[in-house]
Amino acid sequence: MHTLTFSNNDKMPALGLGTWKSAPGEVKQAVIHAIEIGYRHIDCAAIYQNEAEIGDAIAECIEKGLVKREDLWITSKLWNDAHKQNEVEVALKKTLKDLRLDYLDLYLIHWPVVFKNGIDFPENSEGYLRLSEVPLSETWSAMQQLQKGGVIQHIGTSNFSRKKLQHLIDLEGQQPEMNQVELHPYLQQQDLLEYCHENGIHVTAYSPLGSMDRPEVFKKQGEPIPLENETIVAIAEKNQISPAQVLIRWQLQRNISVIPKSTNPKRLKENFDTLKIELNDAEMDEIAALDQHKRIIDGAFFVAPDKGYTLESLWDE
Ligand code: A2P
């Protein structure tokens with residue numbers, strides 16, 4: 001099993017199961033299948049609104065003796081409406097209750113964006129709070145306190161730029177241990193990856209297959225589809241593997257974690273089998289040449305200029 005090692009020697013399985021867009025009614029069975037296949041890392045988030053069902057699946061697998069809690073790596077994410085010092089613990093407790101766990105292996109700040117408490121997606125800028133009102137340092141300090149209390153083993157961020165990571169590093173205390181960002185051949189973010197690795201921050205790739213099942217609001221006409229890219233398809237054919245396997249394996253060989261989402265037993269197995277294959281250096285280079293710095297999740301839904309949120313301020317580029 002490929003693993004990423006943390007500074008206290010904890011090991012996270014690099015290949016995990018993504019659960020964004022996994023519908024209630026489907027996700028429980030998907031998680032059970034995944035654990036039966038051998039997955040030991042499940043990536044969750046409060047905003048995916050399926051943590052209770054994932055919790056049922058985990059509990060069932062533990063009860064059946066399929067797996068022990070300590071053999072699982074469970075990640076979750078703090079939603080944007082709970083960034084204030086006193087809100088972080090409340091949000092974590094809800095996630096733990098839903099997941100039926102007494103600790104998380106990893107907890108991430110989902111986005112560097114703040115909403116008023118209780119608002120999942122604001123309809124207008126009224127629902128936002130400025131980062132100057134609820135600074136990331138406040139949220140980070142609350143995360144660190146929870147880590148010290150033992151209910152979170154590791155803490156990190158998601159969708160953070162180099163600049164925002166550096167800001168957290170410059171504060172006293174624990175630095176981010178993980179940054180989870182969108183990564184696929186059309187958005188390789190090699191500079192961010194190198195920065196993270198130089199600073200001892202692990203990286204997880206979300207939307208590694210291009211998230212074709214994402215909601216329409218995230219889609220734009222004519223967007224390239226990584227699974228259909230001709231270089232990816234050619235490498236797949238040459239190795240007698242699937243394009244999805246090429247996309248997943250490529251990430252594993254960049255020494256990062258990758259969390260392809262599936263609720264389909266055949267594809268869950270196919271994705272897990274990437275642990276057994278290997279791309280050669282020439283194939284890795286061919287994929288590296290496909291970069292277009294093109295985001296699928298471009299953050300446009302988080303733009304609220306009168307509260308200080310623009311695409312430039314979100315990505316710092
Ligand atoms: P499904 O859940 O029906 O398997 P991402 O991980 O980038 O968000 O992509 C998830 C999308 O990719 C889902 O639509 C998922 O469908 C699909 N998918 C997952 N695994 C594979 C695979 N091996 N081949 C093709 N599509 C896949």
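Modeller: Start with one pair of residues. In β9, H154 is the bridge partner of L106.

Biologist: What should I know about the model first?

Modeller: This is a predicted model: local features need pLDDT of at least 70, side-chain atom pairs count only at pLDDT 80 or more, and totals for chains, interfaces and linings use all residues. Residues are numbered from 1 along each chain as its sequence is written, and side-chain values use heavy atoms, with hydrogens and water left out.

Biologist: How are helices and strands named, and when do two strands pair?

Modeller: Both are DSSP runs, numbered from the N terminus: helices are H or I with at least four residues, strands E with at least two. Two strands pair if DSSP finds at least two bridges between them. Here, β6 and β9 pair in the parallel sense over 5 bridges.

Biologist: Which strand joins β9 by 2 bridges?

Modeller: That is β10 (residues 178–182), and the two run parallel. S158 has Q180 in β10 as its bridge partner.

Biologist: Where does the pairing go from β10?

Modeller: To β11, again parallel, over 5 bridges. E182 has Y206 in β11 as its bridge partner.

Biologist: How do I judge a right-handed crossover?

Modeller: Point the strands away from you. The crossover is right-handed if the path from the first strand over the helix to the second runs clockwise. β9, α5 and β10 make such a unit.

Biologist: Is β11 buried or exposed?

Modeller: Buried means under 20% relative accessible area, exposed over 50%, partly exposed in between (1.4 Å probe, protein chains only). In β11 (residues 202–206), 5 of the 5 residues are buried, so the strand is largely enclosed by the rest of the structure. H202, T204 and Y206 lie on one side, V203 and A205 on the other. In β9, 6 of the 7 residues are buried.

Biologist: How do I check the span of a helix?

Modeller: The expected span is 1.5 Å times one less than the number of residues. Helix α4 (residues 136–149) has 14 residues and reaches 20 Å from first C-alpha to last, close to the 20 Å expected. Just after α4, G150 takes a positive phi of about 90°.

Biologist: What covers the buried residues of α4?

Modeller: Look for contact, meaning heavy atoms within 4.5 Å. The buried residues of α4 include L136, W140 and M143. Their cover includes β5 (73–78), α3 (85–99), β6 (104–109), β9 (152–158) and α5 (162–170).
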